[in-house]
Amino acid sequence: MTLQCFAALQCSIVPHHPTVRLVHPKIISPTPSSSTITRRGALSAALISTTFTLLLTLTPPSKSAIAEFSELLNSGGVKALELRLGDGEVPADGDQVAVHYYGRLAAKQGWRFDSTYDHKDENGEPIPFVFVIGSGKVISGIETAVKSMKVGGVRRVVIPPSQGYQNTSQEPVPPNFFDRQRLFTTIFNPTRLANGEGSTLGTLVFDIELVSLRHK
């Protein structure tokens, strides 16, 4: 069930069954007084608030949507939001994992600098990113996030600069030259770093799906 809000005075529930719509009634009055408008506005706001509360109460909790970020244990400040909880194995050091991801840069208003879904094989299928847990080749924020996921899970992680790119050889690296240049010239911009902006330049947001793992 999806709750969609298009404006402060209108909302609708879009389930997989018949659609139920709650629409703010239009009140027409030839010469409304300011006190009448105020009272009507207050009643409408109360009605909408009550409706939202009722809908949220009647909506059963879903294990696929846990709507708050939490800091991962011993992560150096990496925060995660569970978008879908997996039901498979949890990787350990030495395991080879395959993940799909969307990588975004907070300093560029959420600019997406890379996505495995754009990397296609000869059959047009997206190619996951494969790495070994504990290899040290991947930025630590991603490795930390994946180590506490279950196969099949999807997680959004906010990675602070200290757990992100420390040099231009760390993976994952955008395959497109111009995307790489834009990413690294932003993160390692000497002028902005000198101005004390280092704490924000390298903040990353990754949506990660743990597709599979293989014990080595």
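Predicted model: local features only at pLDDT ≥ 70, side-chain atom pairs only at ≥ 80, totals over all residues.

At the start of helix α3, a side-chain oxygen of Asn176 comes to within 2.9 Å of the backbone nitrogen of Phe178.

Now select the whole of α3, residues 177-187. Which of its residues are buried? They are Leu183, Phe184, Thr186 and Ile187. Turn the view until you look down the axis of α3: the buried residues fall within an arc of 160°, so they line one face of the helix. Here's a handy rule: an α-helix has 3.6 residues a turn, so residues three or four places apart point the same way.

What do the buried residues of α3 pack against? Show β6 (96-105), β7 (111-115), α4 (190-194), α5 (198-201) and β10 (204-214), and you have the partners.

Stay with strand β10 and pick Asp207, which sits in it. Is Asp207 buried or exposed? Its relative accessible area is 11%, so Asp207 counts as buried. Show the side chain of Arg156 too: a polar contact of 2.6 Å joins it to the side chain of Asp207. Among the other residues in contact with Asp207 are Leu83, His100 and Tyr102.

Last stop: His119, in the loop between β7 and β8 (129-132). With a relative accessible area of 22%, His119 is partly exposed. Its side chain makes a polar contact of 2.9 Å with the side chain of Asp114.

Conventions: Residues numbered from 1 in each chain as written. Heavy atoms only, no water. Buried < 20%, exposed > 50% of the residue type's maximum accessible area, 1.4 Å probe, protein only. Helix = DSSP H or I, 4+ residues; strand = E, 2+ residues; numbered from the N terminus. Arc of directions from axis to C-beta. Contact = heavy atoms within 4.5 Å. Polar contact = N/O pair within 3.5 Å; in protein donor to acceptor, adjacent residues only side chain to side chain.
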